[in-house]
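Hi everyone, thanks for making time for this.

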Amino acid sequence: GEAIGRLEMHDNSVLRISDDLKIGAEENGNGYVLLDGNAVATMGSGISVSEGAMSRGVLEVRGNALISSGNSAGPGESDLGFTDEGYLTLSVRPAATADVIVADSGKLYARTLQQRDGTTMMTIEDSGQFHVFEVFEFAEPDLGNATVGGTSANPTSHIAAQPTSDMTILIKDNGVM
């Protein structure tokens, strides 16, 4: 059969995870995560959207919501939480499909962006923001440095890592990346 999972966060809800959030993680899995209102979700290790072969994952961040990968206590609060990889990994296997939508005034923060295989569509629109930076050490308005180096202290981001991968990033209206 087909696995289906759905998580919705509304209003002022808060979710803190010390390790990973997996959306559509298993083969043929389907996952959907929606944050809106003033919801906040923070992951200590990372977020995977559509990790399994033939899986489909959707992550929507809307309203004034924030989702952050790399510090379970939230950006800039290193004395309160954990940090680890901080990845946002999209469509890991062949025939995996990941959709990420950051809209309204929603925000998505991650230490690294990795799109490995399959097909990914990322849309950043309205006044939505997607930032790749060191979430453990910085917070708004000083977002710190983008993680584009290849050292262990500053991990590498990449998209379309395999010849069979396809990633589109659409930024429109007042979207920020």
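Let me start with a term: a nonpolar core here is a set of buried Ala, Val, Leu, Ile, Met, Phe, Trp, Tyr and Cys residues joined through side-chain atoms within 4.5 Å. Please also keep in mind that what you see is a predicted model.

So, the cores. The largest nonpolar core holds 28 residues, and the members that touch the most other members are I67, L88 and L90. Strand β10, residues 97-102, gives the largest share of this core, with three residues. There is also a second, separate core of five residues, and L66, F133, V135 and L143 are among them. As general background, nonpolar side chains in soluble globular proteins tend to be buried together.

Let's zoom in on L88. Which residues does L88 touch, if we skip those up to four places away in sequence? The answer is I47, V49, L108, A110, T112, L113, Q114, M122 and F130.

You will find V49 in strand β6. Is V49 buried or exposed? V49 counts as buried because its relative accessibility is 0%, and the cut-off for buried is under 20%. Leaving out residues up to four places away in sequence, V49 touches I23, G57, V58, L59, L88, T89, L90, S91, A98 and D99. Take S91 from that list: V49 and S91 are 42 residues apart in sequence, yet their C-alpha atoms are 6.2 Å apart in space.

Now follow the chain to S55, which sits in the loop between β6 (46-49) and β7 (56-61). S55 is in a loop, and S55 is buried, with a relative accessible area of 1%. Again not counting residues up to four places away in sequence, the contacts of S55 are G24, E26, N28, G29, S50, A95, A96 and T97.

Last stop: a sheet. Five strands form an open sheet with parallel pairing, in the order β2-β5-β8-β11-β14. At the edges are β2 (14-17) and β14 (129-132), each pairing on one side only. On average, neighbouring strands of this sheet are turned by 5° against each other, direction ignored.

How many bridges join β11 and β14? Strand β11, residues 107-110, pairs with β14 in the parallel sense over four bridges. If you want to find the place on screen, look for Y109, whose bridge partner in β14 is H131.

That's my tour, and I'm happy to take questions!

Terms used
Residues numbered from 1 in each chain as written. Predicted model: local features only at pLDDT ≥ 70, side-chain atom pairs only at ≥ 80, totals over all residues. Heavy atoms only, no water. Buried < 20%, exposed > 50% of the residue type's maximum accessible area, 1.4 Å probe, protein only. Helix = DSSP H or I, 4+ residues; strand = E, 2+ residues; numbered from the N terminus. Contact = heavy atoms within 4.5 Å. Pairing = 2+ DSSP bridges. Axes fitted to C-alpha atoms, helices over the stretch in contact; angles between N-to-C directions.
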